[in-house]
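Welcome! Please have a look at the sequence and the model below, and then we will walk through them together, one stop at a time.

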Amino acid sequence: MKSIVFIGAYKFGTSKEALTIAKGMGYAVILFTDKHSHLDFLEVDQVIFIDNLLNEQHVMNEILVLQKIGKQICACVSFIDPYVSYAARLSTLLGLKVVSFQPLSLMENKITLRETLKHLPITPAYWIIRPEDSLQKLKCISHLPLIIKAPVSNGSKDVLMVKTPAKLTNAIQYLRDKYPNNSLLIEEFLEGSQYLVELVIQNDELKFMEVMEQDVIYNGKFIVGAYKYPAILEETLYKSLISHISTVMGELGFSNGSCHMEMKLAQNEWMLIEINPRMSGGVMNQIIEEGTGINLLKEILTIYLGEEPEFTKTRSKYVNARYITIQSRGRLLKVKGKERALEHEGVKYVYIKPVVGAVLKKPHSMGDRYACIIAVSESEGQAEEIALCAAKEIKFYLEPF
Amino acid sequence: MSKELNNERKSNHCICDALLELKILQDLLQNSQTKFFGSLLAKIVGTDTIPFLLVTQKGDLLSLHSAMEDIETNYFRIESVDLENSSATLSLLRPLDIEGNLTTSPCDVVRLEKTSICKTVDVTCICAIQPLDTEMLKRKIIIEPKW
(Lines give C-alpha, C1' and ligand atoms only; values in the text may rest on other atoms or scores of the structure.)
Protein backbone atom coordinates (compact mmCIF):
# COMPACT_ATOMS: atom_id res chain seq x y z
CA MET A 1 0.00 0.00 0.00
CA LYS A 2 1.25 3.49 -0.90
CA SER A 3 2.30 5.21 2.29
CA ILE A 4 3.78 8.47 3.57
CA VAL A 5 6.00 8.44 6.64
CA PHE A 6 5.81 11.51 8.91
CA ILE A 7 8.49 12.17 11.49
CA GLY A 8 6.83 13.90 14.45
CA ALA A 9 3.75 16.10 14.56
CA TYR A 10 2.01 18.50 16.86
CA LYS A 11 -1.58 18.16 18.01
CA PHE A 12 -2.61 21.20 16.04
CA GLY A 13 -1.55 23.20 13.02
CA THR A 14 0.38 22.53 9.85
CA SER A 15 2.03 19.27 10.93
CA LYS A 16 -1.30 17.79 12.07
CA GLU A 17 -3.11 19.01 8.99
CA ALA A 18 -0.47 17.41 6.79
CA LEU A 19 -1.53 14.02 8.19
CA THR A 20 -5.16 14.68 7.29
CA ILE A 21 -4.26 15.89 3.80
CA ALA A 22 -2.02 12.87 3.14
CA LYS A 23 -4.88 10.62 4.16
CA GLY A 24 -7.21 12.56 1.87
CA MET A 25 -4.73 12.06 -1.00
CA GLY A 26 -5.27 8.32 -0.61
CA TYR A 27 -2.03 7.41 1.16
CA ALA A 28 -1.64 5.30 4.26
CA VAL A 29 -0.34 7.66 6.95
CA ILE A 30 2.46 6.36 9.15
CA LEU A 31 3.52 8.60 12.02
CA PHE A 32 6.76 8.17 13.92
CA THR A 33 6.36 9.98 17.22
CA ASP A 34 7.90 10.34 20.66
CA LYS A 35 4.61 11.45 22.23
CA HIS A 36 2.18 8.89 23.67
CA SER A 37 -0.65 11.39 23.25
CA HIS A 38 -0.36 10.98 19.47
CA LEU A 39 -1.43 7.35 19.56
CA ASP A 40 -5.08 8.32 19.05
CA PHE A 41 -4.73 10.53 15.95
CA LEU A 42 -7.67 9.42 13.81
CA GLU A 43 -6.08 10.25 10.45
CA VAL A 44 -3.05 8.09 11.14
CA ASP A 45 -3.11 4.49 9.96
CA GLN A 46 -0.11 3.41 11.96
CA VAL A 47 1.72 5.12 14.82
CA ILE A 48 5.23 4.00 15.61
CA PHE A 49 6.41 5.16 18.99
CA ILE A 50 10.12 5.83 19.33
CA ASP A 51 11.70 7.49 22.38
CA ASN A 52 14.36 9.26 20.35
CA LEU A 53 13.19 10.13 16.87
CA LEU A 54 16.72 11.21 15.93
CA ASN A 55 17.92 7.62 16.38
CA GLU A 56 18.39 7.13 12.65
CA GLN A 57 19.18 3.42 12.82
CA HIS A 58 16.10 2.68 14.87
CA VAL A 59 13.82 4.68 12.57
CA MET A 60 15.35 3.11 9.45
CA ASN A 61 14.90 -0.39 10.89
CA GLU A 62 11.24 0.32 11.53
CA ILE A 63 10.81 1.66 7.98
CA LEU A 64 12.46 -1.48 6.58
CA VAL A 65 10.02 -3.60 8.58
CA LEU A 66 7.16 -1.57 7.10
CA GLN A 67 8.51 -2.18 3.62
CA LYS A 68 8.82 -5.90 4.31
CA ILE A 69 5.14 -6.15 5.24
CA GLY A 70 4.17 -4.54 1.95
CA LYS A 71 4.06 -0.82 2.70
CA GLN A 72 5.35 1.17 -0.26
CA ILE A 73 7.00 4.21 1.28
CA CYS A 74 6.46 7.04 -1.19
CA ALA A 75 7.72 9.92 0.96
CA CYS A 76 9.30 10.58 4.31
CA VAL A 77 8.62 14.08 5.60
CA SER A 78 8.46 16.25 8.67
CA PHE A 79 6.83 19.61 9.29
CA ILE A 80 8.30 20.21 12.73
CA ASP A 81 11.72 21.19 14.05
CA PRO A 82 14.23 19.65 14.36
CA TYR A 83 13.22 16.79 12.06
CA VAL A 84 12.84 18.51 8.67
CA SER A 85 16.33 17.96 7.26
CA TYR A 86 16.52 14.64 9.13
CA ALA A 87 13.41 13.40 7.29
CA ALA A 88 15.00 14.57 4.02
CA ARG A 89 18.14 12.57 4.86
CA LEU A 90 16.05 9.47 5.58
CA SER A 91 14.37 10.00 2.21
CA THR A 92 17.79 9.96 0.54
CA LEU A 93 18.66 6.72 2.32
CA LEU A 94 15.37 5.24 1.14
CA GLY A 95 16.12 6.29 -2.43
CA LEU A 96 13.09 8.55 -2.65
CA LYS A 97 12.59 11.65 -4.71
CA VAL A 98 13.77 14.20 -2.19
CA VAL A 99 14.00 17.85 -1.39
CA SER A 100 17.39 19.55 -1.00
CA PHE A 101 18.79 18.05 2.18
CA GLN A 102 21.95 20.14 2.78
CA PRO A 103 20.22 23.55 2.48
CA LEU A 104 17.50 22.38 4.88
CA SER A 105 20.18 21.41 7.36
CA LEU A 106 21.85 24.82 6.94
CA MET A 107 18.60 26.61 7.63
CA GLU A 108 18.00 24.64 10.81
CA ASN A 109 20.90 26.38 12.52
CA LYS A 110 20.60 30.15 12.79
CA ILE A 111 24.38 30.58 13.05
CA THR A 112 25.33 28.50 10.02
CA LEU A 113 22.64 30.28 8.05
CA ARG A 114 24.04 33.71 8.97
CA GLU A 115 27.58 32.57 8.19
CA THR A 116 26.54 31.24 4.78
CA LEU A 117 24.76 34.47 3.86
CA LYS A 118 27.04 36.94 5.64
CA HIS A 119 28.13 38.74 2.46
CA LEU A 120 24.58 39.52 1.35
CA PRO A 121 23.09 42.97 1.98
CA ILE A 122 20.00 41.43 3.56
CA THR A 123 22.06 40.00 6.43
CA PRO A 124 21.97 42.30 9.45
CA ALA A 125 25.05 42.94 11.61
CA TYR A 126 25.60 39.89 13.82
CA TRP A 127 28.07 38.46 16.29
CA ILE A 128 28.67 34.91 17.45
CA ILE A 129 29.38 34.25 21.13
CA ARG A 130 31.09 30.91 21.67
CA PRO A 131 30.68 29.01 24.95
CA GLU A 132 34.28 29.80 25.93
CA ASP A 133 34.15 33.52 25.03
CA SER A 134 34.54 36.06 27.80
CA LEU A 135 31.67 38.46 28.34
CA GLN A 136 34.11 41.31 28.92
CA LYS A 137 34.61 43.74 26.04
CA LEU A 138 31.83 42.42 23.83
CA LYS A 139 32.15 44.05 20.43
CA CYS A 140 28.43 44.17 19.94
CA ILE A 141 27.85 46.33 23.01
CA SER A 142 28.04 49.55 21.05
CA HIS A 143 25.14 48.38 18.84
CA LEU A 144 22.45 48.09 21.52
CA PRO A 145 19.56 47.31 21.38
CA LEU A 146 20.38 43.75 20.32
CA ILE A 147 18.63 40.47 19.74
CA ILE A 148 20.08 37.28 21.25
CA LYS A 149 19.11 33.90 19.88
CA ALA A 150 19.90 30.31 20.64
CA PRO A 151 20.93 28.74 17.32
CA VAL A 152 18.32 25.97 17.25
CA SER A 153 15.33 27.39 19.10
CA ASN A 154 11.98 28.06 17.50
CA GLY A 155 8.67 29.67 18.31
CA SER A 156 10.39 32.75 19.83
CA LYS A 157 11.05 30.90 23.09
CA ASP A 158 14.72 31.82 23.23
CA VAL A 159 14.82 35.06 21.30
CA LEU A 160 15.56 37.92 23.66
CA MET A 161 15.88 41.64 23.12
CA VAL A 162 18.25 43.64 25.33
CA LYS A 163 18.69 47.37 25.58
CA THR A 164 21.43 47.77 28.20
CA PRO A 165 24.91 46.22 28.69
CA ALA A 166 23.81 44.63 31.99
CA LYS A 167 20.78 43.00 30.36
CA LEU A 168 22.98 41.80 27.50
CA THR A 169 25.27 39.96 29.94
CA ASN A 170 22.28 38.54 31.83
CA ALA A 171 20.62 37.34 28.64
CA ILE A 172 23.81 35.66 27.40
CA GLN A 173 24.24 33.99 30.77
CA TYR A 174 20.60 32.84 30.76
CA LEU A 175 20.94 31.24 27.33
CA ARG A 176 24.37 29.78 28.20
CA ASP A 177 22.83 28.06 31.22
CA LYS A 178 20.14 26.65 28.96
CA TYR A 179 22.43 25.70 26.07
CA PRO A 180 25.88 25.26 27.71
CA ASN A 181 27.53 23.71 24.65
CA ASN A 182 26.13 26.00 22.00
CA SER A 183 27.32 29.26 20.56
CA LEU A 184 24.82 32.11 20.68
CA LEU A 185 23.83 34.47 17.92
CA ILE A 186 23.60 38.21 18.59
CA GLU A 187 22.06 40.47 15.99
CA GLU A 188 21.38 44.16 15.62
CA PHE A 189 17.76 45.05 16.35
CA LEU A 190 16.02 46.35 13.27
CA GLU A 191 13.03 48.67 13.42
CA GLY A 192 10.43 48.08 10.77
CA SER A 193 7.47 46.05 9.57
CA GLN A 194 7.92 42.31 9.58
CA TYR A 195 6.85 39.99 6.80
CA LEU A 196 6.57 36.28 6.33
CA VAL A 197 7.25 34.72 2.95
CA GLU A 198 6.08 31.21 2.11
CA LEU A 199 8.09 29.63 -0.68
CA VAL A 200 8.11 26.55 -2.81
CA ILE A 201 11.00 25.87 -5.14
CA GLN A 202 11.13 23.10 -7.68
CA ASN A 203 14.08 22.44 -9.94
CA ASP A 204 15.61 25.83 -9.05
CA GLU A 205 12.42 27.58 -10.07
CA LEU A 206 10.37 29.69 -7.67
CA LYS A 207 7.01 27.97 -8.07
CA PHE A 208 5.13 29.58 -5.20
CA MET A 209 5.68 32.72 -3.20
CA GLU A 210 3.18 34.51 -1.00
CA VAL A 211 3.96 37.35 1.37
CA MET A 212 2.04 38.34 4.48
CA GLU A 213 2.61 41.05 7.02
CA GLN A 214 3.02 40.05 10.65
CA ASP A 215 1.83 42.10 13.61
CA VAL A 216 4.57 41.42 16.10
CA ILE A 217 3.87 42.16 19.76
CA TYR A 218 6.81 42.62 22.10
CA ASN A 219 6.38 42.22 25.84
CA GLY A 220 9.74 40.71 26.71
CA LYS A 221 9.24 38.11 23.96
CA PHE A 222 8.32 38.52 20.32
CA ILE A 223 4.88 37.12 19.61
CA VAL A 224 3.10 37.25 16.26
CA GLY A 225 -0.36 38.59 17.08
CA ALA A 226 -1.77 38.64 13.55
CA TYR A 227 -1.05 37.83 9.92
CA LYS A 228 -2.32 40.02 7.14
CA TYR A 229 -2.49 38.40 3.73
CA PRO A 230 -1.51 39.52 1.17
CA ALA A 231 1.06 42.04 2.31
CA ILE A 232 0.53 45.39 0.60
CA LEU A 233 3.89 46.14 -1.04
CA GLU A 234 5.02 48.57 -3.69
CA GLU A 235 6.01 46.83 -6.90
CA THR A 236 9.68 47.80 -6.55
CA LEU A 237 9.81 46.31 -3.06
CA TYR A 238 8.10 43.18 -4.27
CA LYS A 239 10.55 42.80 -7.13
CA SER A 240 13.56 43.39 -4.89
CA LEU A 241 12.17 40.79 -2.47
CA ILE A 242 12.00 38.22 -5.29
CA SER A 243 15.51 39.14 -6.32
CA HIS A 244 16.84 38.71 -2.75
CA ILE A 245 15.05 35.39 -2.41
CA SER A 246 16.53 34.08 -5.66
CA THR A 247 19.99 35.08 -4.46
CA VAL A 248 19.52 33.47 -1.05
CA MET A 249 18.18 30.24 -2.50
CA GLY A 250 21.07 30.16 -4.96
CA GLU A 251 23.59 30.72 -2.16
CA LEU A 252 22.00 27.96 -0.09
CA GLY A 253 21.73 25.62 -3.07
CA PHE A 254 18.04 25.16 -2.32
CA SER A 255 16.61 23.79 -5.53
CA ASN A 256 13.72 21.62 -4.34
CA GLY A 257 11.41 22.01 -1.40
CA SER A 258 9.50 24.48 0.71
CA CYS A 259 10.56 26.94 3.38
CA HIS A 260 9.48 30.19 4.92
CA MET A 261 11.45 33.36 5.48
CA GLU A 262 10.90 36.12 7.97
CA MET A 263 11.94 39.48 6.54
CA LYS A 264 12.01 42.96 7.94
CA LEU A 265 11.59 46.10 5.94
CA ALA A 266 14.03 48.42 7.68
CA GLN A 267 14.44 51.89 6.13
CA ASN A 268 12.91 50.55 2.95
CA GLU A 269 15.54 47.81 2.66
CA TRP A 270 14.81 44.10 3.02
CA MET A 271 16.64 42.40 5.86
CA LEU A 272 16.57 38.69 6.62
CA ILE A 273 15.42 37.77 10.14
CA GLU A 274 15.46 34.02 9.62
CA ILE A 275 14.67 31.13 7.33
CA ASN A 276 12.95 27.97 8.48
CA PRO A 277 13.22 24.84 6.34
CA ARG A 278 9.50 24.08 6.30
CA MET A 279 6.13 25.63 5.81
CA SER A 280 5.04 27.83 8.74
CA GLY A 281 3.11 26.15 11.50
CA GLY A 282 -0.23 27.09 12.99
CA VAL A 283 -2.97 28.21 10.65
CA MET A 284 -0.76 29.12 7.67
CA ASN A 285 -2.39 26.59 5.35
CA GLN A 286 -5.85 28.01 6.07
CA ILE A 287 -4.63 31.59 5.53
CA ILE A 288 -3.20 30.73 2.12
CA GLU A 289 -6.14 28.58 1.09
CA GLU A 290 -8.68 31.25 2.07
CA GLY A 291 -6.68 33.88 0.19
CA THR A 292 -5.74 31.98 -2.95
CA GLY A 293 -7.66 28.73 -3.11
CA ILE A 294 -4.35 26.87 -3.11
CA ASN A 295 -3.93 24.07 -0.59
CA LEU A 296 -0.22 24.69 -0.10
CA LEU A 297 0.34 21.70 2.16
CA LYS A 298 -1.15 19.37 -0.43
CA GLU A 299 1.09 20.80 -3.13
CA ILE A 300 4.17 20.49 -0.90
CA LEU A 301 3.32 16.85 -0.26
CA THR A 302 2.90 16.44 -4.01
CA ILE A 303 6.47 17.67 -4.49
CA TYR A 304 7.72 15.31 -1.78
CA LEU A 305 6.01 12.53 -3.73
CA GLY A 306 7.97 13.55 -6.83
CA GLU A 307 4.88 14.71 -8.68
CA GLU A 308 3.99 17.98 -10.35
CA PRO A 309 2.35 20.55 -8.03
CA GLU A 310 -0.47 22.86 -9.13
CA PHE A 311 -0.26 26.48 -7.97
CA THR A 312 -3.13 28.12 -9.81
CA LYS A 313 -4.98 30.73 -7.79
CA THR A 314 -8.73 30.23 -7.87
CA ARG A 315 -9.52 33.27 -5.74
CA SER A 316 -7.95 36.43 -4.50
CA LYS A 317 -9.11 37.57 -1.07
CA TYR A 318 -7.73 39.51 1.87
CA VAL A 319 -7.24 37.37 4.94
CA ASN A 320 -6.62 38.40 8.53
CA ALA A 321 -5.61 35.80 11.08
CA ARG A 322 -5.72 37.20 14.59
CA TYR A 323 -4.38 35.39 17.61
CA ILE A 324 -5.64 35.92 21.15
CA THR A 325 -3.30 36.08 24.14
CA ILE A 326 -4.10 36.91 27.75
CA GLN A 327 -2.46 39.00 30.45
CA SER A 328 -3.43 37.06 33.61
CA ARG A 329 -2.46 33.66 34.89
CA GLY A 330 -5.18 31.21 35.81
CA ARG A 331 -6.78 27.83 35.43
CA LEU A 332 -9.31 27.72 32.61
CA LEU A 333 -12.89 27.20 33.76
CA LYS A 334 -14.75 27.95 30.58
CA VAL A 335 -14.43 29.47 27.13
CA LYS A 336 -17.34 31.33 25.62
CA GLY A 337 -17.99 33.06 22.35
CA LYS A 338 -16.77 30.62 19.67
CA GLU A 339 -20.19 30.28 18.06
CA ARG A 340 -20.84 34.02 18.26
CA ALA A 341 -17.44 34.70 16.67
CA LEU A 342 -18.27 32.30 13.84
CA GLU A 343 -21.52 34.15 13.21
CA HIS A 344 -19.64 37.27 12.06
CA GLU A 345 -19.83 37.54 8.30
CA GLY A 346 -16.43 36.77 6.80
CA VAL A 347 -15.18 34.67 9.71
CA LYS A 348 -14.05 31.35 8.27
CA TYR A 349 -12.36 29.70 11.16
CA VAL A 350 -12.19 29.98 14.95
CA TYR A 351 -9.80 27.82 16.89
CA ILE A 352 -9.67 27.64 20.67
CA LYS A 353 -6.55 25.86 21.84
CA PRO A 354 -6.72 25.21 25.61
CA VAL A 355 -9.10 22.77 27.25
CA VAL A 356 -10.86 23.31 30.58
CA GLY A 357 -8.43 22.78 33.44
CA ALA A 358 -5.37 24.05 31.55
CA VAL A 359 -3.27 26.76 33.15
CA LEU A 360 -3.11 29.85 30.95
CA LYS A 361 -0.55 32.63 31.25
CA LYS A 362 0.93 35.70 29.65
CA PRO A 363 2.58 34.93 26.31
CA HIS A 364 6.18 33.79 26.56
CA SER A 365 6.21 31.93 23.27
CA MET A 366 4.01 31.41 20.24
CA GLY A 367 2.54 28.41 22.04
CA ASP A 368 0.91 30.80 24.53
CA ARG A 369 -1.50 32.09 21.90
CA TYR A 370 -4.82 30.61 22.96
CA ALA A 371 -7.21 31.28 20.11
CA CYS A 372 -7.10 32.15 16.46
CA ILE A 373 -9.69 33.74 14.21
CA ILE A 374 -9.43 33.84 10.44
CA ALA A 375 -11.51 36.42 8.61
CA VAL A 376 -11.77 36.94 4.88
CA SER A 377 -12.92 40.01 2.99
CA GLU A 378 -12.55 42.11 -0.14
CA SER A 379 -10.26 44.64 1.57
CA GLU A 380 -7.41 44.44 4.04
CA GLY A 381 -9.03 46.86 6.50
CA GLN A 382 -12.35 45.05 6.44
CA ALA A 383 -10.74 41.64 7.05
CA GLU A 384 -8.84 43.11 10.00
CA GLU A 385 -11.98 44.69 11.45
CA ILE A 386 -14.02 41.50 11.13
CA ALA A 387 -11.30 39.44 12.81
CA LEU A 388 -11.01 41.95 15.65
CA CYS A 389 -14.78 42.11 16.24
CA ALA A 390 -14.99 38.31 16.22
CA ALA A 391 -11.99 38.03 18.56
CA LYS A 392 -13.77 40.27 21.05
CA GLU A 393 -16.51 37.63 21.34
CA ILE A 394 -14.06 35.11 22.78
CA LYS A 395 -13.82 35.12 26.56
CA PHE A 396 -11.63 32.93 28.71
CA TYR A 397 -12.90 32.48 32.28
CA LEU A 398 -10.05 31.74 34.62
CA GLU A 399 -9.59 31.15 38.27
CA PRO A 400 -6.37 32.51 39.77
CA PHE A 401 -3.70 29.81 39.93
CA MET B 1 -15.46 23.51 71.41
CA SER B 2 -14.68 19.86 70.80
CA LYS B 3 -16.79 19.01 73.82
CA GLU B 4 -19.68 20.83 72.20
CA LEU B 5 -19.14 18.91 68.97
CA ASN B 6 -18.92 15.53 70.64
CA ASN B 7 -22.10 15.90 72.70
CA GLU B 8 -24.69 13.19 72.26
CA ARG B 9 -27.80 13.92 70.25
CA LYS B 10 -29.76 16.76 71.76
CA SER B 11 -32.99 16.76 69.80
CA ASN B 12 -35.45 14.17 68.52
CA HIS B 13 -34.35 14.79 64.97
CA CYS B 14 -30.90 13.92 63.75
CA ILE B 15 -30.97 16.49 60.91
CA CYS B 16 -31.47 19.12 63.61
CA ASP B 17 -28.39 17.80 65.40
CA ALA B 18 -26.41 17.70 62.20
CA LEU B 19 -27.35 21.29 61.35
CA LEU B 20 -26.33 22.31 64.86
CA GLU B 21 -22.98 20.60 64.32
CA LEU B 22 -22.55 22.48 61.07
CA LYS B 23 -23.38 25.73 62.90
CA ILE B 24 -20.77 24.99 65.56
CA LEU B 25 -18.15 24.27 62.88
CA GLN B 26 -19.09 27.41 61.03
CA ASP B 27 -18.82 29.52 64.20
CA LEU B 28 -15.44 27.95 64.81
CA LEU B 29 -14.22 29.44 61.53
CA GLN B 30 -14.95 32.93 62.71
CA ASN B 31 -14.51 32.82 66.46
CA SER B 32 -11.44 30.69 66.99
CA GLN B 33 -8.91 32.88 68.71
CA THR B 34 -5.94 30.81 69.80
CA LYS B 35 -3.06 31.73 72.07
CA PHE B 36 -0.25 31.78 69.50
CA PHE B 37 -1.88 32.17 66.11
CA GLY B 38 -4.95 34.21 66.94
CA SER B 39 -7.44 34.02 64.08
CA LEU B 40 -5.22 31.95 61.79
CA LEU B 41 -7.98 29.38 61.13
CA ALA B 42 -10.33 32.08 59.86
CA LYS B 43 -7.57 33.36 57.56
CA ILE B 44 -6.80 29.88 56.22
CA VAL B 45 -10.43 29.12 55.39
CA GLY B 46 -11.07 32.67 54.21
CA THR B 47 -14.84 32.62 54.71
CA ASP B 48 -17.36 32.48 57.59
CA THR B 49 -19.75 30.24 55.71
CA ILE B 50 -20.07 26.52 55.12
CA PRO B 51 -22.54 26.34 52.22
CA PHE B 52 -24.89 23.37 51.94
CA LEU B 53 -27.83 21.84 50.12
CA LEU B 54 -30.83 20.21 51.82
CA VAL B 55 -32.70 17.18 50.46
CA THR B 56 -36.41 16.98 51.30
CA GLN B 57 -38.27 13.82 52.32
CA LYS B 58 -39.59 13.69 48.72
CA GLY B 59 -36.01 13.46 47.46
CA ASP B 60 -35.86 16.95 45.92
CA LEU B 61 -33.42 19.67 46.75
CA LEU B 62 -35.02 22.23 49.04
CA SER B 63 -35.53 25.43 47.14
CA LEU B 64 -36.34 28.73 48.83
CA HIS B 65 -37.45 31.91 47.19
CA SER B 66 -37.29 35.55 48.15
CA ALA B 67 -39.80 37.63 46.27
CA MET B 68 -38.24 40.83 47.54
CA GLU B 69 -34.85 40.17 45.97
CA ASP B 70 -36.13 37.75 43.35
CA ILE B 71 -33.80 34.95 44.33
CA GLU B 72 -34.54 31.28 44.09
CA THR B 73 -31.84 29.10 45.56
CA ASN B 74 -30.90 25.64 46.79
CA TYR B 75 -27.82 27.00 48.58
CA PHE B 76 -27.93 27.99 52.23
CA ARG B 77 -25.95 29.13 55.22
CA ILE B 78 -27.00 28.00 58.72
CA GLU B 79 -27.85 30.92 61.00
CA SER B 80 -29.52 29.25 64.01
CA VAL B 81 -31.10 25.95 65.07
CA ASP B 82 -34.15 25.58 67.27
CA LEU B 83 -33.83 22.11 68.79
CA GLU B 84 -37.10 22.25 70.67
CA ASN B 85 -39.20 23.04 67.61
CA SER B 86 -37.00 21.14 65.14
CA SER B 87 -36.59 24.19 62.98
CA ALA B 88 -33.64 26.07 61.58
CA THR B 89 -33.09 29.57 60.30
CA LEU B 90 -31.16 29.63 57.05
CA SER B 91 -29.85 32.55 55.09
CA LEU B 92 -30.08 32.29 51.32
CA LEU B 93 -26.91 32.16 49.27
CA ARG B 94 -27.11 33.75 45.86
CA PRO B 95 -26.02 31.21 43.16
CA LEU B 96 -23.97 32.90 40.46
CA ASP B 97 -22.72 31.62 37.15
CA ILE B 98 -19.27 32.20 35.69
CA GLU B 99 -20.22 35.68 34.51
CA GLY B 100 -21.62 36.69 37.91
CA ASN B 101 -25.26 36.33 36.85
CA LEU B 102 -27.90 34.69 39.01
CA THR B 103 -28.56 31.12 37.84
CA THR B 104 -30.95 28.33 38.70
CA SER B 105 -29.01 25.66 36.83
CA PRO B 106 -26.83 23.63 39.26
CA CYS B 107 -24.30 22.92 36.49
CA ASP B 108 -23.66 26.64 36.00
CA VAL B 109 -23.14 27.60 39.64
CA VAL B 110 -19.50 28.50 40.23
CA ARG B 111 -19.80 31.04 43.03
CA LEU B 112 -22.11 31.74 45.99
CA GLU B 113 -22.74 35.10 47.55
CA LYS B 114 -24.11 35.74 51.04
CA THR B 115 -27.41 37.57 51.44
CA SER B 116 -29.22 38.86 54.54
CA ILE B 117 -32.44 37.09 53.53
CA CYS B 118 -33.35 34.53 56.20
CA LYS B 119 -36.01 31.82 56.15
CA THR B 120 -37.10 29.44 58.88
CA VAL B 121 -37.44 25.83 57.80
CA ASP B 122 -39.23 22.90 59.40
CA VAL B 123 -36.37 20.43 59.66
CA THR B 124 -38.66 17.40 59.96
CA CYS B 125 -39.28 17.58 56.22
CA ILE B 126 -35.54 17.31 55.50
CA CYS B 127 -33.80 13.96 55.15
CA ALA B 128 -30.22 14.88 54.15
CA ILE B 129 -27.64 17.64 54.22
CA GLN B 130 -24.93 18.06 51.61
CA PRO B 131 -22.19 20.46 52.73
CA LEU B 132 -20.32 22.12 49.86
CA ASP B 133 -16.85 23.48 49.27
CA THR B 134 -16.21 26.75 51.11
CA GLU B 135 -14.22 27.83 48.03
CA MET B 136 -17.57 28.64 46.40
CA LEU B 137 -17.89 31.70 48.66
CA LYS B 138 -14.54 33.22 47.79
CA ARG B 139 -13.96 32.20 44.21
CA LYS B 140 -12.52 34.91 42.00
CA ILE B 141 -13.09 34.70 38.27
CA ILE B 142 -10.83 36.45 35.80
CA ILE B 143 -12.21 37.19 32.36
CA GLU B 144 -9.61 37.48 29.59
CA PRO B 145 -8.63 38.96 27.26
CA LYS B 146 -9.25 42.51 28.37
CA TRP B 147 -9.71 44.60 25.26
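A:Trp127 sits in strand β5 of chain A. Helices (H or I, at least four residues) and strands (E, at least two) are DSSP runs, numbered from the N terminus.

Before going further, please keep in mind that this is a predicted model, in which local features need pLDDT of at least 70, side-chain atom pairs count only at pLDDT 80 or more, and totals for chains, interfaces and linings use all residues. Residues are numbered from 1 along each chain as its sequence is written, while chains are lettered from A and ligands numbered from 1 in the order in which they are written.

Which residues does A:Trp127 contact, leaving aside its neighbours within four places in sequence? They are A:Lys139, A:Cys140 and A:Ile186, where contact means that the C-beta atoms of two residues, placed from the backbone, lie within 7 Å. A:Tyr323, by comparison, is 196 residues from A:Trp127 in sequence, and 33 Å separate the two from C-alpha to C-alpha.

Now step back to chain A as a whole. Its domains are domain 1 (2-98), domain 2 (100-115 + 193-217 + 231-309), domain 3 (125-188) and domain 4 (317-401), with bounds that come from an automatic or database domain assignment. Taken over C-alpha atoms, the centres of domain 1 and domain 3 of chain A are 35 Å apart.

The loops of chain A hold some details of the backbone. The peptide bond from A:Asp81 to A:Pro82 is cis, with omega near 5°, and A:Pro82 belongs to the loop between β4 (72-77) and α3 (84-93). Another cis peptide bond links A:Leu144 to A:Pro145, with omega about 0°; here the proline lies in the loop between β5 (126-129) and β6 (146-149).

Finally, look for positive phi values in residues other than glycine. A:Asn268 has a phi near 65° and is placed in the loop between β12 (257-266) and β13 (269-276) of chain A. A:Asn268 is exposed, because 10 other C-beta atoms lie within 10 Å. In chain B, B:Ser86 has a positive phi of about 50°, in the loop between β4 (76-82) and β5 (87-96). B:Ser86 is partly exposed, with 19 other C-beta atoms within 10 Å.

Definitions and conventions:
Buried ≥ 20, exposed ≤ 12 C-beta atoms within 10 Å, placed from the backbone.
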